[in-house]
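Hi,

Here is the structure I promised to pass on.

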Amino acid sequence: MRVIPVFVVTGFLDSGKTTLVQETLMEQEWIEPGRTLLICCEEGEISYTEEYLQEKDMVLEQVTEMETLTPAYFKELTKKYRPVQVVIEYNGMWKLSDLLSIQYPRSWELQGVYSTVNGLTLDMYLKNMRNMLMEQLTESELIVINRCAPGVDRSGFRRALKVQNPMAQLIFEDTEGKIIQPSQEDLPYDVEKDVIEVADEDFGIWYVDAYDHPDRYLNKEILFKAQIFRPKGMEDHMFVPVRKIMTCCAADMRFYGYPCKSAEKIEGDRKKYYMVRARFAYEPVGFGNDQPVLYLKELREAGKPAEDVVYLG
């Protein structure tokens, strides 16, 4: 049976859901060519034009009542349109748990839940509608906080959201829609320490920040949990401590890590997890391009993390 991936985009009215679908989700390389069924559960300021729907080979079904979303309805749409994927732009005032608890057709497979939040109103929602806001964010793999004004308390927002969903990837955008790069204050660990301890769920954050800002980590020791991977052809005194990272959905999940050098031969079970303690350096690798490189200080077997998969933000 052919699997039909399902992507859910949720958020309050005018939080940017349609923009996320058009400019981000539908532009990913893992979106299959063919018909996309778009189930839209509310109408915002930005709508889908006929030209856009034709260009992307999308069919739009408008839903105004939560009660419409039933197994029979989904099965009927599958027969009617025979889509290769489904996008549900959900109403943020409806409980996300109600949508996720529906028995989908056997061919449908949920691939990701993405949420949008208006940065101009996030503080108000946290103070007055926290439970309703957090209910839709708890299951999200990706949360985009857009329209963030200069000086916005990103670290405060990050802490509030991460308490509810520590595994979510958070992306902040300014009022012009440009991604705001994380500052040192946004990081979940203290880069001023000589030994930087990276929590299991924060590996993705460290991986990205170490590449973008290697100066923060130079000659410091990094302590983190990872699995052992040695690519074909790599010398036996080197390995890559890796974690499985999901950047957006299950379709783009893969192992990431930086090469690690050791004074002696490294042997280990690829299925097990290890606590890695290594000195961070930034030097030429491969064809001469500089990138992060680790020098092993200690490697010991460790327990499996609560979640195998981590995210990038």
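A quick word on terms before the pocket: a pocket here is an open set of grid points with protein on both sides within 12 Å along at least five of seven lines, and its volume is the space filled by probe spheres set on those points. Also keep in mind that this is a predicted model.

With that in hand, the largest pocket has a volume of about 510 Å³. Its lining is made up of 28 residues, and S15, G16, T19, L20 and N146 are the ones nearest the centre. By type, the lining splits into 11 charged, 10 polar and seven nonpolar residues. Where does the lining come from? Helix 1 (17-23), strand 6 (142-148) and strand 7 (169-174) each supply at least two residues, and helix 1 gives the most, with five.

Now the overall picture. The protein chain has eight helices and 15 strands. Its C-alpha atoms fill a box of roughly 65 × 50 × 35 Å along the principal axes.

Searching the whole structure gives 17 aromatic pairs. One of them joins F12 and Y125: the rings are 4.5 Å apart centre to centre with 40 degrees between the planes, a tilted pair. F12 sits in the loop between strand 1 (4-10) and helix 1, while Y125 belongs to helix 5 (residues 122-128), so this pair ties together parts 113 residues apart in sequence. Are the two partners buried or exposed? F12 is buried, at 6% relative accessible area, and Y125 counts as buried as well, at 16%.

Another pair to look at is F203 with F224. The ring centres are 5.6 Å apart and the planes meet at 55 degrees, so this one is also tilted. Since F203 lies in helix 8 (residues 203-212) and F224 in strand 9 (residues 221-229), the contact ties together parts that are 21 residues apart in sequence. Both F203 and F224 are buried. They also belong to a cluster: ring pairs link F203, W206, Y207, F224, Y256 and Y258.

One last item for your viewer: R279 lies over the face of Y295, at 4.6 Å from the ring centre.

Cheers

Conventions: Residues are numbered from 1 along each chain as its sequence is written. This is a predicted model: local features need pLDDT of at least 70, side-chain atom pairs count only at pLDDT 80 or more; totals for chains, interfaces and linings use all residues. Side-chain values use heavy atoms; hydrogens and water are left out. On a 1 Å grid over the protein atoms alone, a cavity is a set of points where a 1.4 Å probe fits but cannot get out, and a pocket is an open set with protein on both sides within 12 Å along at least five of seven lines; lining residues have an atom within 4 Å of a point. Helices (H or I, at least four residues) and strands (E, at least two) are DSSP runs, numbered from the N terminus. Ala, Val, Leu, Ile, Met, Phe, Trp, Tyr, Cys and Pro count as nonpolar, Asp, Glu, Lys and Arg as charged, and the others, Gly among them, as polar. Rings of Phe, Tyr and Trp (its six-membered ring) pair if their centres lie within 6.5 Å; planes under 30 degrees apart count as stacked, over 60 as edge-to-face and the rest as tilted. Buried means under 20% relative accessible area, exposed over 50%, partly exposed in between (1.4 Å probe, protein chains only). A charge sits over a ring if NZ of Lys or CZ of Arg is within 6 Å of the ring centre and within 35 degrees of the ring normal.
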